[in-house]
Amino acid sequence: MNEKVLTFYVGNNLFGIDISCVKEINRNVEFTYIPGVKKYIAGLLNLRGQIITLFSIANIINLKNVNKKREKNPCIILKNKEGEYNKIGFLIDKPCDVIELKKFSLQDLPENIDENFRKFIKAIVKLEKETLLLLDMSKIAKYL
Amino acid sequence: MKRGIALNNHQFINDFIQEAAGNLEKVELCLLKLNDNIVDSNTIDEIFRAVHSIKGTAGFFDLKNIVELAHKMESLLNEVRHGTCIIDDYKIDILLECNDALKHMVNNSTESNEMNIEEYIDKLSSLLSGENKKIEHKYEGKNQKEHKDNKTSQSKIIEGESFQDRFKLQEDEKNILSDAIKHGHKVYLLNLDHTVDRKNMLSKIKSVGKILKEFEDEILFTTVLDKGLVKITFGNISANVEQCNIQKKVKTKAVNQKCKKVYRQESKLIQDSIRVKLSLLNDLMNLAGEMVLARNQLLRTMENHKKFIPNIENILQNIDYNTTQIQEKIMLTRMQTVRTLFNKFPRFIREVSKSSGKNINLIMKGEDVELDKSILEALEDPLTHLIRNSVDHGIESSLDREKIGKDPVGNIIIEAFNESGYVYIRVKDDGKGINLGKVKDKVIKKEIASREYMESLDEKEIVKFILKPGFTTAEKVTDISGRGVGMDVVKFNIEKLGGTVEIDTEENKGTVITLVLPLTLAIMPSIIVEVKGQKYALPRVNLQEMIRIRENEWREKIENISGYDILNLRGKMLPLIYLWDILNNSSDKVNKHEGITRILIVKIGIKIFGIVVDKVCDEEEILVKPLPKYCLNNKCYAGVTIMGDGNVAMILDVKGIAERSNIEY
């Protein structure tokens, strides 16, 4: 991850993903909840005829202290990546800036953080005010 | 180097495999045609061409084994073609075996060079007797004599059709010929008198052209000169020079080895169809489905504004009509003829009838009927099963047939036809039929139904028992013709496609099994139901009936046995399940029967049960989309669809629901 990352909030944490993975950001999407599937699947979304599976990042990485369900969420739709993931998107709470990483230095996540959370985080970046957690998309894709 | 490039190029290899597969199938079919004692040269030629083109392309990819085997087959076929070897059952068997080996090698083309094909080569070589060369020679000599005999009546110009027959050009000679023709040469035949000095003549010809072939008293040669000049060159014997008017035709023959007639047919075929990637077709189909949705939304939105926009009505109608048309046409692109499916059966019948010692004639009708590709693929197993049943249990042995005054040769007819939006596929045999009395006894013995009940049924209903699972599997019951072994599987597979199975049988006359299938799977008639504000689609094939129970009727219609609700439907006790609970794997049975309870009675296999939903909305023809892979672990869903309002709805899988709720299928 050398270039730009898209940052967004889930709960109180700021996350970032490589911007080259992102296809688009949609606001106020209406999706269909599917009962009886894995907890981290938020539902299905009709994106111009394509069925997109929406995931809840909070549930994947076992994030605590997240205010539960809202009626309408913004979401990030990812570009398809052959062999890894196909037609997926993530529900987020609020999209933020796109930042250039080279201005900052990357650090490893402190050891005391739970492994179930740690394994999806590639690195952390100390920004001026906050701490940015960089998501490891390949690891997440494997987990899904 | 060439090999490296060619083999690395997947596109080319795939094209080769596809093309070769088509050719191999053609070979098989033609060989089987020969089997029916219809030895006609066209069929042999067709086999020859198919094998040859496989050889040619395989050569390009440096697939030595394929080339070698194909070449040997070609040699044998060539002898057959020239009449020096008579094709018989044994040879056909060998050729079929070799064809299978080729198939195997083509499908694993990258490893084909490591495969052992000696066995086949040996078999073929043993058929290619050493004497063949001699015989061929004799044959040629005879041929020439015949030509000589009627030379007087022969026209001056030898037509292309008879050219090859007459001169029997070898491959290399053909190449010389086609090469010469490319360079503007004309072909002449020189008749030699015994008076003429042969050597002198040959050198004269060599000085102006090329000698193609020498015969005892004729020389076939090519030259750029025209007839007048040739005459001058040869002086006194000019009267004996004939021009052979073969240019175009020989070229086709020499280069493509296709006789004129077939060449025309094939070129027509090429113009008629092109190869398109399946993924492209699927995309098109999805897009067309989306367009239908978009159209629906447009029409609904515009409904209230039509009055205010002049002429909009016409435009909307136009869009409406064209969208429907486009969608229908695109659906058609995925259609394939049932021929691809049927073509497997001649070989199958041949083998099964050989092993069972029965004499069976297979008749296929309506091979041009079209069905969706995915349905065709899913039909293969059930249909094979039905035909195997007909052979194994339907058709009697020749002796038995003669005893009861039937034709010793049994007939199996497979036919396909369209009727009222459905495709019917029928397997018909004139065997001994199903003994209904025995079916009845069996049902009673196995306690599937009571004697009284069985007595009350008519024939059609009785025969349906052979579709019940476990009807005959528990015990080998050859005495009731064994039919029914696996018939439940056939039924299940057909019903999964949204089709039905019908059986007609008459003792000693035969059995007819009809499969009724929808044209395509992509569009499915469904009932839209609602639970907790969310819509689900339930395939209509599974729906038996819908009932509603008012609060005050609850007590008399629903019983609760140790926590489970049972519906009393006209005396039948049916399990009742709550859709929401099943989907969620939960069981919060609170306030279940307030107001009106709506129950869908569904059937899967032989199980009938009731599904409780909040609301029954509408009936709709929905466009089926595959389930995203992330949701595959829940077997209650068969797919997803996009509703008219643009929202996604899950399609319910009744079988999965039954399994989830422990209703055993």
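Helices H5 (residues 89-107) and H6 (residues 118-127) of chain B pack at an angle of about 150°, their axes 10 Å apart. Helices here are DSSP runs (H or I, at least four residues), numbered from the N terminus. Axes are lines fitted to C-alpha atoms over the stretch in contact, and angles run from 0 to 180 degrees between N-to-C directions. H5(B) is therefore roughly antiparallel to H6(B) (an angle over 145 degrees).

The table lists the residues in contact (heavy atoms within 4.5 Å).

| Helix | Contact residues |
|---|---|
| H5(B) | B:Tyr90, B:Lys91, B:Ile94, B:Leu95, B:Glu97, B:Cys98, B:Ala101 |
| H6(B) | B:Tyr120, B:Lys123, B:Leu124, B:Leu127 |

The model is predicted: local features need pLDDT of at least 70, side-chain atom pairs count only at pLDDT 80 or more, and totals for chains, interfaces and linings use all residues. Residues are numbered from 1 along each chain, chains are lettered from A and ligands numbered from 1 in the order written, and side-chain values use heavy atoms, leaving out hydrogens and water.

A salt bridge is a side-chain nitrogen of Lys or Arg within 4 Å of a carboxyl oxygen of Asp or Glu. Because B:Arg350 lies in helix H17 (residues 345-356) of chain B and B:Asp93 in helix H5 of chain B, the pair ties together parts that are 257 residues apart in sequence. Over all chains the structure holds 21 salt bridges, but between chain B and chain A the count is zero.

Where chain B meets chain A, 21 residues of chain B are in contact with 21 residues of chain A.

Conventions. Helices (H or I, at least four residues) and strands (E, at least two) are DSSP runs, numbered from the N terminus. Angles under 35 degrees count as roughly parallel, over 145 as roughly antiparallel, 65 to 115 as roughly perpendicular and the rest as oblique.
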